[in-house]
Amino acid sequence: MLKDLFNLKKQFFPKDGAETAAAVSESAEEAEKKPDIPDDLWAKCNGCGRALYAKLLDSNMKVCPMCAYHFRLTPEERVGYTFDENTFTPLQYDIPEPNPLQFPGYEEKLQENQEATGHTDAVLCGVGEIKGMKTAVCIMNSFFMMGSMGYVVGESITRTVEYATAHGLPIVIFTCSGGARMQEGIVSLMQMAKISGALKKHSDAGLLYITVITNPTTGGVTASFASLGDIILAEKGALIGFAGKRVIEQTIKQKLPKDFQTAEFALEHGFVDMICERKHLRKTLGRLLALHAPADAENTEREAAAHA
């Protein structure tokens with residue numbers, strides 16, 4: 001037995017430097033033979049836990065082909081999946097970034113997110129066509145500070161709603177947010193009332209507002225404009241809520257249902273009008289916009305195209 005241990009020691013700790021060099025060289029050759037696999041070749045599904053080929057996932061609109069889990073999208077991906085080709089035009093607003101609480105490190109955090117996403121803040125606003133129907137749109141960006149709503153987000157959405165009202169356009173808002181941005185305190189909470197007020201004027205003008213709730217939509221966004229749509233759609237499995245499930249359970253001292261705060265739960269209890277899978281969303285929005293458009297010959301043709 002001692003002899004075997006001695007041989008193992010010689011194997012792993014050779015005294016001869018030449019033997020060591022040869023072993024290192026052999027290891028290097030083996031490493032060169034291993035395939036160079038890109039980091040973004042595979043994606044893990046948060047729904048079923050399976051490893052998915054990234055190109056296959058992209059070709060399926062970033063929906064898991066196994067369990068239909070809807071991955072989060074960038075605003076650019078959302079535009080590509082939803083709007084008619086080459087019809088989307090961004091609405092650019094020159095809005096200064098405030099730091100009303102002088103929150104430490106907030107400016108640096110914003111700059112990091114701006115460099116990482118290529119966006120100035122957590123929403124992309126613009127105008128485009130869905131199945132030939134012109135509409136204004138706001139797309140919240142969960143990759144920018146988890147889509148949190150601060151002054152810039154609130155002001156951008158408000159100005160887009162006002163633009164839609166002035167030009168007689170419907171508006172579609174894709175919500176995806178962790179809620180109000182804590183670094184801005186009461187200023188972030190004020191955006192709830194400001195956006196809601198703009199939507200009331202839009203409604204008074206007889207114009208259509210469609211909310212598309214995506215995963216996750218929580219906090220002050222849920223408590224304001226996400227719940228004000230004339231028609232409220234939700235993507236399959238989206239998290240919809242205000243406070244967290246554990247916070248509510250601790251407050252009311254009761255166990256909540258397993259599917260609590262899901263799109264399916266919201267539909268069952270009347271908060272959501274329809275759950276729409278991503279592959280059907282563009283066609284569904286086109287039909288809704290066509291059905292609520294002013295009646296004239298041009299819109300009749302568009303309505304027929306939207307139903308095609």
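Modeller: Gladly, and let us start with Ser-224, which has a relative accessible area of 3%. A word on the ground rules: this is a predicted model, in which local features need pLDDT of at least 70 and side-chain atom pairs count only at pLDDT 80 or more, while totals for chains, interfaces and linings use all residues. Residues are numbered from 1 along each chain as its sequence is written, and side-chain values use heavy atoms, with hydrogens and water left out.

Colleague: Why is Ser-224 called buried?

Modeller: Buried means under 20% relative accessible area, exposed means over 50%, and partly exposed is in between, using a 1.4 Å probe and protein chains only. Ser-224 has 3%, so it counts as buried. Across the protein, buried residues make up 42% of the 308 residues.

Colleague: Where does Ser-224 lie, and what is it in contact with beyond its neighbours within four places in sequence?

Modeller: Ser-224 lies in the loop between helix H8 (219–222) and strand E8 (231–234). Helices (H or I, at least four residues) and strands (E, at least two) are DSSP runs, numbered from the N terminus. Beyond those neighbours, Ser-224 is in contact with Met-192 and Ser-196, where contact means heavy atoms within 4.5 Å. Ser-224 and Ser-196 are 28 residues apart in sequence, and their C-alpha atoms are 6.5 Å apart in space.

Colleague: What makes Trp-42, Tyr-53 and Leu-56 a patch?

Modeller: Patches are made of residues with over 30% relative accessible area and no salt bridge; like charges are joined within 9 Å, and nonpolar side chains (Val, Leu, Ile, Met, Phe, Trp, Tyr) within 5 Å. Trp-42, Tyr-53 and Leu-56 form a nonpolar patch of this kind, with about 320 Å² of accessible area together. Accessible areas come from the Shrake-Rupley method with a 1.4 Å probe, and for residues only the protein chains shown count as cover.

Colleague: Now the sheet. How do you know that strand E6 and strand E7 pair?

Modeller: Two strands pair if DSSP finds at least two bridges between them. Strand E6 (residues 171–177) and strand E7 (residues 209–217) have six bridges, in the parallel sense, so they count as a pair. Ile-171 stands opposite Tyr-209 in E7.

Colleague: What is the order of the open sheet, and which strands stand at its edges?

Modeller: The open sheet has seven strands in the order E3-E4-E5-E6-E7-E8-E9, with mixed pairing. Strand E3 (89–90) and strand E9 (274–275) stand at the edges; each has a single partner strand, so one side of each is left without a neighbour in the sheet. Helix H6 (residues 151–166) packs on the sheet, where it touches strand E4 (123–130), strand E5 (133–140) and E6.

Colleague: What makes Glu-77 and Lys-62 a salt bridge?

Modeller: A salt bridge is a side-chain nitrogen of Lys or Arg within 4 Å of a carboxyl oxygen of Asp or Glu. The closest N and O atoms of Glu-77 and Lys-62 are 2.8 Å apart, so the pair qualifies. The structure holds eight salt bridges.

Colleague: Which other pairs meet in salt bridges?

Modeller: Among them, Arg-181 and Asp-121 meet at 2.8 Å, N to O. That pair links distant parts of the chain, 60 residues apart, and both residues are buried. Glu-155 and Arg-159 meet at 2.9 Å, N to O.

Colleague: How are Glu-155 and Arg-159 placed, and is each buried or partly exposed?

Modeller: They are four residues apart in helix H6, so about one helical turn separates them. Glu-155 is buried, at 14% relative accessible area, whereas Arg-159 is partly exposed, at 28%.

Colleague: Where is there a cis peptide bond?

Modeller: A cis peptide bond joins Asn-215 and Pro-216, with omega at about -10 degrees. Pro-216 lies in strand E7.

Colleague: And why is Gln-261 called buried?

Modeller: Gln-261 has 10% relative accessibility, which is under the buried cut-off, so the label applies. This residue also has a positive phi of about 70 degrees although it is not a glycine.

Key: Axes fitted to C-alpha atoms, helices over the stretch in contact; angles between N-to-C directions.
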